[in-house]
Amino acid sequence: MTTVTEREALRDALGLLRDREQVAERLLESSAKHSFDPDKELNWDAPVEDGKWFWPPELLSLYDTPLWRRMSEDQRMELARHEAASLASLGIWFEIILMQLLVRHIYDKSLTSSHVRYALTEIADECRHSMMFARMIKKGGAPAYPVPRVYHNLARVLKTVSTTPGSFAATLLGEEILDWMQRLTFPDERVQTLVRGVTRIHVVEEARHVRYAREELRRQMVRAPRWERELTRVSCGEAARVFATCFVNPKVYENVGLDRREAVAQVRASGHRREVMQSGAGRLTEFLDDIGVLNGVSRRLWKSSGLLA
């Protein structure tokens, strides 16, 4: 295989890759113009609004199931409050992992480069996002919902052994599906004003993070040796299965007075839920397919996760 030097133009199925420094400089310019301090931007002292949802009902896991049709409107809104807390908890978990992966990524790189400077800017964004999500959970009055202990500990291994392309593939998995849902949430006037504000900030700033991760994953998939590309495919597929499993903590159903086993079974059988999750992952899976991440065993793992038809 011919070795590609830093100065050679890199190309993949999507075309010519842009210079890494130029991408970072544009993202830094955008960060300077469109970054937010959630503590100042959002009105945390405003009371919770009666009759408003904490998450759009169509995006709730039980929506349009037999169990949903038996629930009262108050119980449905209570489910939304707890699912919003569960998703925010999942987001914090992913962002803490992402911050550690980004630090590993830049450890051996030029500390004066724009690429590293943007990574540090993104880490600062993710710190604010994690604090913002935690504050939203407390404001809503629902508990935090940590991921199951087995996945919490598996993430320790991921943070230690993940390859660079594997890190960016996992980053996109954690960012793009939630981003799709949040883009439907922040304009929805049925939803609590605070939740809409939180999702708006996250959508604007995550757009830069997604761009950074996509550009770097494309670069890595072109440059990485074969064994690393194969490992990325497997680890990305396994991450998709874990993500789908952890998306809503089943304890949510108990906390709103539902039978946990019945609720989980109905979510798994729900055609609407499957369509929502696959729609949320659609833009990402198309991209991963284009750059060769969904080949072989990876595609089978993604299908088993329910995120790919």
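Reply: In what follows, buried means under 20% relative accessible area, exposed means over 50%, and partly exposed lies in between. The model is predicted.

Me: Is arginine 233 buried or exposed?

Reply: The side chain of arginine 233 meets that of glutamate 230 in a salt bridge, 2.8 Å from N to O. Glutamate 230 has a relative accessible area of 37% and is partly exposed. For arginine 233 the value is 9%, and the cut-off for burial is under 20%; arginine 233 is therefore buried.

Me: What is the relative accessible area of arginine 76?

Reply: Arginine 76 forms a salt bridge with glutamate 73, with the closest N and O atoms 3.4 Å apart. Both lie in helix α4 (residues 73-106), three residues apart. Glutamate 73 is partly exposed at 42%, whereas arginine 76 is buried, with a relative accessible area of 17%.

Me: Which helices hold arginine 299 and aspartate 289?

Reply: The side chains of these residues, arginine 299 and aspartate 289, form a salt bridge of 2.7 Å, N to O. The pair ties together parts that are ten residues apart in sequence, because arginine 299 lies in helix α13 and aspartate 289 in helix α12.

Me: How many salt bridges does a search of the whole structure find?

Reply: Some salt bridges share partners, joining Asp125, Arg128, Glu205 and Arg208 into one network. Over the whole structure, the search finds 23.

How values were computed. Residues are numbered from 1 along each chain as its sequence is written. This is a predicted model: local features need pLDDT of at least 70, side-chain atom pairs count only at pLDDT 80 or more; totals for chains, interfaces and linings use all residues. Side-chain values use heavy atoms; hydrogens and water are left out. A salt bridge is a side-chain nitrogen of Lys or Arg within 4 Å of a carboxyl oxygen of Asp or Glu. Helices (H or I, at least four residues) and strands (E, at least two) are DSSP runs, numbered from the N terminus. Buried means under 20% relative accessible area, exposed over 50%, partly exposed in between (1.4 Å probe, protein chains only).
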